[in-house]
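Welcome, and please open your viewer. We will go from stop to stop, with something to select at each one.

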Amino acid sequence: MAEDILYRPRDIYEKMLKRQFHDGAEDYFEKLAKESGVDRAGNAVHVKAYNEAKSSSDEAKKKYGRVHGWGIFLVVMTIIGFVLGVVGLIARSPSFLLIIGIVGIVLGIVCLILRLTLIRNKLKTLKTEAASAEEAARKKYQVCLEDMVPLNNLFDWNMPQKIMDEAIEILKIDPYFKPARLKMMMDRFGMKEETDPFTSVVGVTSGEINGNPFLLERVLVHDVHDKAYVGSIVITWTTTSRDSQGHLTTQTHTQTLTATTFHPAPFYNYETRLIYANEAAPKLSFSRYPSGVSGKSEKEIEKYVKSKSKDLDKKEKKSIGKESSFTKMGNVEFDALFGADDRNNEVEFRLLFTPLAQTNEVDLIKNAEPFGDDFVFVKDKMINSIASAHSQNFDYSQDPNLFRSHSFEESHRKFVSYCDAFIKNLYFDLAPLLSIPLYQMHKSTDYIYNNDYPTNITSFEHEAMVNSMDPELFRPKKADPSLPLVLKQVGGQRNGEDSDLITVSGLSYIATPRVEFVSKVGGDGHVHQIPIHWVEYTEVKQDKGVEVGFVGASNKSYLSLLNGSLKSAFVNGKMSHYERGLLSFIDGITAFGQVKKEFK
């Protein structure tokens with residue numbers, strides 16, 4: 001795309017970029033397919049044969065399941081028949097019980113014979129047939145996989161972002177988040193590096209728009225607060241009273257007694273946010289939240305704007321004479337829908353949100369497609385943060401495993417659809433920023449990196465890499481494996497020019513079941529003990545040494561080494577992880593220098 005500035009980001013996406021991105025993904029896949037040399041027609045024949053074999057295997061399993069169900073039914077009927085027989089023969093009187101007993105015995109014998117002969121033989125035959133069909137399907141599936149090995153090995157990290165790079169000239173996405181980029185965001189723009197021990201970076205993507213840096217991070221956030229535990233018991237008691245005729249009557253009462261206690265427990269959630277740095281309007285801070293008007297009718301939006309406008313009028317009057325006064329915008333619709341009424345600098349707010357910027361933001365907010373107004377936009381001086389609902393549930397990892405398949409057609413579909421989704425999700429996280437022309441026109445001045453960052457790789461990448469490794473390598477002893485593991489870099493230093501030796505702290509909890517009894521008076525007038533089952537969480541940590549460095553090469557090289565020279569050291573990848581040119585492995589199992597030579 002030749003344009004330096006996207007003046008109407010949503011409009012240009014719908015009219016041009018959407019198709020351009022899609023065509024780029026198609027072209028990229030086609031290049032991979034040609035390079036791999038996969039026989040598409042041959043694979044299609046093999047996939048068809050596998051699907052037929054898989055269908056036969058599934059049908060054989062269903063047949064076995066149906067007959068097995070009949071076998072269970074006959075066993076149940078045998079038991080019922082014999083029980084009726086025993087009861088009838090013992091009772092004998094009246095005569096119909098004796099008849100029922102005899103019939104029950106006969107029924108039980110017949111059912112037992114059928115189960116031990118006809119059904120048993122049928123099950124044996126069907127089990128053999130199902131196993132044979134499953135093995136035939138497995139072999140045909142293996143043939144399909146062998147067809148696709150050349151293409152599956154070519155899938156690599158960062159492919160979708162390369163397609164996006166080629167389509168938008170002003171946008172550049174980094175291979176990985178480098179210290180120079182982080183230092184620039186910290187030193188020039190005031191971004192803070194995350195040091196909270198209860199958070200861990202699980203994914204990171206960085207880049208720039210006309211020289212202005214941005215960072216997309218996914219973080220595991222951990223908190224400890226009280227959790228409610230509820231217990232209950234059912235009590236019964238009887239009361240005696242006289243009715244209107246003087247007769248004594250007894251009534252049974254039932255009551256459920258409940259009690260609640262609170263105990264500390266860990267809670268976890270994942271958060272994805274985009275951080276963008278720009279020197280334009282450097283003193284301005286504000287926050288805006290979704291308006292909820294996306295997809296509503298014009299009349300409903302007008303009603304919302306009128307109501308919000310009245311609130312803004314009141315706010316404007318109250319702020320008169322105050323140090324940070326609030327002044328309504330001339331564009332009432334923008335002011336009502338965008339919000340940001342906590343802004344601290346009216347001059348810079350208007351400098352940033354020109355009429356075109358206002359139109360762009362309103363266009364994003366009012367249209368339900370593709371995501372509508374689902375974003376939080378917070379500006380803290382030169383740091384802008386976007387958190388959208390659509391990004392919270394999207395996987396930005398670009399993991400090659402997302403595209404691999406036994407089927408060429410399925411692999412094609414997976415690759416193109418993922419690229420479309422990746423680009424759309426990232427683009428519309430950037431859209432509230434791209435809607436501001438001044439942000440695009442304001443190019444960041446040159447930054448001289450002094451290489452004074454303490455490690456070769458950023459802490460963001462350190463944590464993202466270890467979070468992709470086998471969690472059992474870092475889980476403390478006796479920690480509950482069902483709980484997420486919070487991995488935090490707690491120390492690191494350079495190990496030559498390419499790698500870092502870091503210490504990773506794995507935080508989790510030992511979960512111990514407990515029972516607490518709470519006294520409560522019931523309707524019967526007595527005190528009852530209500531048991532409440534709760535869990536005591538004891539924090540545990542374990543530190544582990546990890547080496548992380550840049551090896552370059554490709555995922556194909558890594559897979560080759562896992563099956564070759566590094567197989568014993570990396571234990572088929574369980575002790576290591578490779579992505580985007582970065583490699584991490586447990587400290588001490590091999591030397592990074594030797595590994596890099598192997599990659600080359």
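Here is a tour of a sheet, its helices, some aromatic rings and the cysteines.

Before you start, note that this is a predicted model: local features need pLDDT of at least 70, side-chain atom pairs count only at pLDDT 80 or more, and totals for chains, interfaces and linings use all residues. Residues are numbered from 1 along each chain as its sequence is written, and side-chain values use heavy atoms, with hydrogens and water left out.

Stop 1: Select residues 486-495, which are strand β8, and 576-579, which are β11. Helices (H or I, at least four residues) and strands (E, at least two) are DSSP runs, numbered from the N terminus. These two are the edge strands, each pairing on one side only, in an open, antiparallel sheet of five strands ordered β8-β9-β10-β12-β11. Two strands pair if DSSP finds at least two bridges between them. On average, neighbouring strands here are turned by 20° against each other, direction ignored; axes are lines fitted to C-alpha atoms, for helices over the stretch in contact, and angles run from 0 to 180 degrees between N-to-C directions.

Now zoom in on β10 (residues 527-550) and β12 (residues 582-586), which are joined by five bridges. Phe550 has Leu582 of β12 as its bridge partner.

**Stop 2: aromatic rings.** Rings of Phe, Tyr and Trp (its six-membered ring) pair if their centres lie within 6.5 Å; planes under 30 degrees apart count as stacked, over 60 as edge-to-face and the rest as tilted. The count is 37 aromatic pairs. Select Phe338 and Phe377, an edge-to-face pair with 6.0 Å centre to centre and 85° between the planes. Phe338 belongs to helix α7 and Phe377 to strand β6, 39 residues apart. Phe338 is buried at 0% relative accessible area (buried means under 20%, exposed over 50%, partly exposed in between, with a 1.4 Å probe and protein chains only).

Then show Phe394 and Tyr396, edge-to-face at 4.9 Å and 75°. Both belong to one aromatic cluster, whose members include Tyr28, Phe155 and Phe422.

**Stop 3: a charge over a ring.** Select Arg288, which lies over the face of Phe375, 4.6 Å from the ring centre. The rule asks for NZ of Lys or CZ of Arg within 6 Å of the ring centre and within 35 degrees of the ring normal.

**Last stop: cysteines.** How many disulfides does the search find? Zero, across the whole structure, where a disulfide is a pair of cysteine sulfur atoms within 2.5 Å. Select Cys144, which counts as buried because its relative accessibility is 0%.
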